[in-house]
Amino acid sequence: MYSSSAAHKAKQRRGTGRTELTEEQRLEIKEAFELFDTDKDGCVDYHELKVAMRALGFDLKKAEVLKLLRDNDKSGRGLMEFEDFARIMQERISMRDPMEEIRRAFQLFDDDNTGKISLKNLRRVAREIGERLEDDELQAMIDEFDLDQDGEINEQEFLAIMTDDA
């Protein structure tokens, strides 16, 4: 998920069409490829490609993955090399809308679809990522950014947090 500084940088880049990837993003692409290139042959097949793309936040339909593979299969063996994978992922990542990414992150917190992040939601996310925080610590996080003082974080408050406007 975006850190607030990453969201801020993304906000500054908005409107430029395509953005340069950070070194961290390039490393994530390389790590995803290497992790899912299970036979370590420098290529990914359909299944490896689909999972590697999903790990980078792109959940494509089977037909879309197959088309990408066909369009970039230099060997004719149903495989994609790292260079092609990296180029495709760089293009897709650079075309992401940072505000839409932040909204998607909000949805991950708001799993009960109330339009707000409650203490219960925050507790679940903390537990899922292995953070051992007490309820009073989690509530303090909510209280710090709860502009309308309703005890929860709505989408506008979340956007403000993630874009350093809070």
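Biologist: Which residues of α3 are buried?
Modeller: This is a predicted model. In it, the buried residues of α3 are Y46, E48, L49, K50, A52 and M53.

Biologist: And what covers them?
Modeller: The cover over the buried residues of α3 includes α2, β1, α4 (62-71), β2 (80-81) and α5.

Biologist: Take α5 from that list. At what angle do α3 and α5 pack?
Modeller: Helix α3 (residues 46-55) packs against helix α5 (residues 82-94) at about 35 degrees, and their axes are 12 Å apart. The crossing of these two helices is right-handed. On the α3 side the contact is made by L49, A52 and M53, and on the α5 side by F85, M89 and R92.

Biologist: What happens at the two ends of α3? Which residue caps its N-terminal end?
Modeller: D45 is the cap: one of its side-chain oxygens lies 3.1 Å from the backbone nitrogen of H47. After α3 comes G57, with a positive phi near 95 degrees.

Biologist: Let me step back. How many helices and strands are there in the protein chain?
Modeller: The protein chain has 9 helices and 4 strands. Read from the N terminus, the order is α-α-β-α-α-β-α-α-β-α-α-β-α.

Biologist: What percentage of the residues is buried?
Modeller: Of the 166 residues in the protein chain, 35% are buried. As for contacts with a separation of 6 or more, 54% of them join residues 24 or more positions apart.

Biologist: On to α6. What does it span, end to end?
Modeller: Helix α6 (residues 98-109) has 12 residues and reaches 17 Å from its first C-alpha to its last, close to the 16 Å expected. Its buried residues are P98, M99, E101, I102, A105, F106 and F109. Viewed down the axis of α6, these buried residues fall within an arc of 155 degrees, so they line one face of the helix.

Biologist: Which residue caps the N-terminal end of α6?
Modeller: That is D97, which places a side-chain oxygen 3.1 Å from the backbone nitrogen of M99.

Biologist: And α7, what do its buried residues pack against?
Modeller: The buried residues of α7 pack against α6, β3 and α8. They are N121, L122, R124, V125 and A126. G130 follows α7 and has a positive phi, near 80 degrees.

Biologist: How far apart are the axes of α7 and α8?
Modeller: The axes of α7 and α8 are 10 Å apart, and the helices pack at an angle of about 115 degrees. The crossing is right-handed. From α7, L119, L122, R123 and A126 make the contact, and from α8, D135, L138, Q139, M141 and I142.

Biologist: What about S118, is it buried or exposed?
Modeller: S118 is buried, because its relative accessible area is 11% and the cut-off for burial is under 20%. This residue sits in the loop between β3 (116-117) and α7 (119-128).

Biologist: Which residues does S118 touch?
Modeller: Leaving aside residues up to four places away in sequence, S118 touches I142 and E152. S118 and E152 are 34 residues apart in sequence, yet their C-alpha atoms are 4.9 Å apart in space.

Biologist: Where is D136, and is that residue buried or exposed?
Modeller: D136 lies in helix α8 (residues 135-145). D136 counts as exposed, because its relative accessibility is 58% and exposed means over 50%. The C-alpha atoms of D136 and L119 are separated by 9.5 Å, and the two residues are 17 apart along the chain.

Biologist: One last topic, backbone angles. What is phi at K40?
Modeller: K40 has a positive phi of about 55 degrees, although it is not a glycine. K40 is in the loop between α2 (23-36) and β1 (43-44). With a relative accessible area of 57%, K40 is exposed.

Biologist: And where is Q149 found?
Modeller: Q149 is found in the loop between α8 and β4 (153-154). Phi of Q149 is also positive, near 55 degrees, in a residue other than glycine. Q149 is exposed, with a relative accessible area of 64%.

Conventions. Residues are numbered from 1 along each chain as its sequence is written. This is a predicted model: local features need pLDDT of at least 70, side-chain atom pairs count only at pLDDT 80 or more; totals for chains, interfaces and linings use all residues. Side-chain values use heavy atoms; hydrogens and water are left out. Buried means under 20% relative accessible area, exposed over 50%, partly exposed in between (1.4 Å probe, protein chains only). The expected span of a helix is 1.5 Å times one less than its number of residues. The arc is that of the directions from the helix axis to the C-beta atoms. A polar contact is a pair of N or O atoms within 3.5 Å; within protein, one must be able to donate a hydrogen and the other to accept it, and residues adjacent in sequence count only if both atoms are side-chain atoms. Axes are lines fitted to C-alpha atoms, for helices over the stretch in contact, and angles run from 0 to 180 degrees between N-to-C directions. A crossing is left-handed if the near helix is turned anticlockwise from the far one by less than a right angle, and right-handed if clockwise. Contact means heavy atoms within 4.5 Å.
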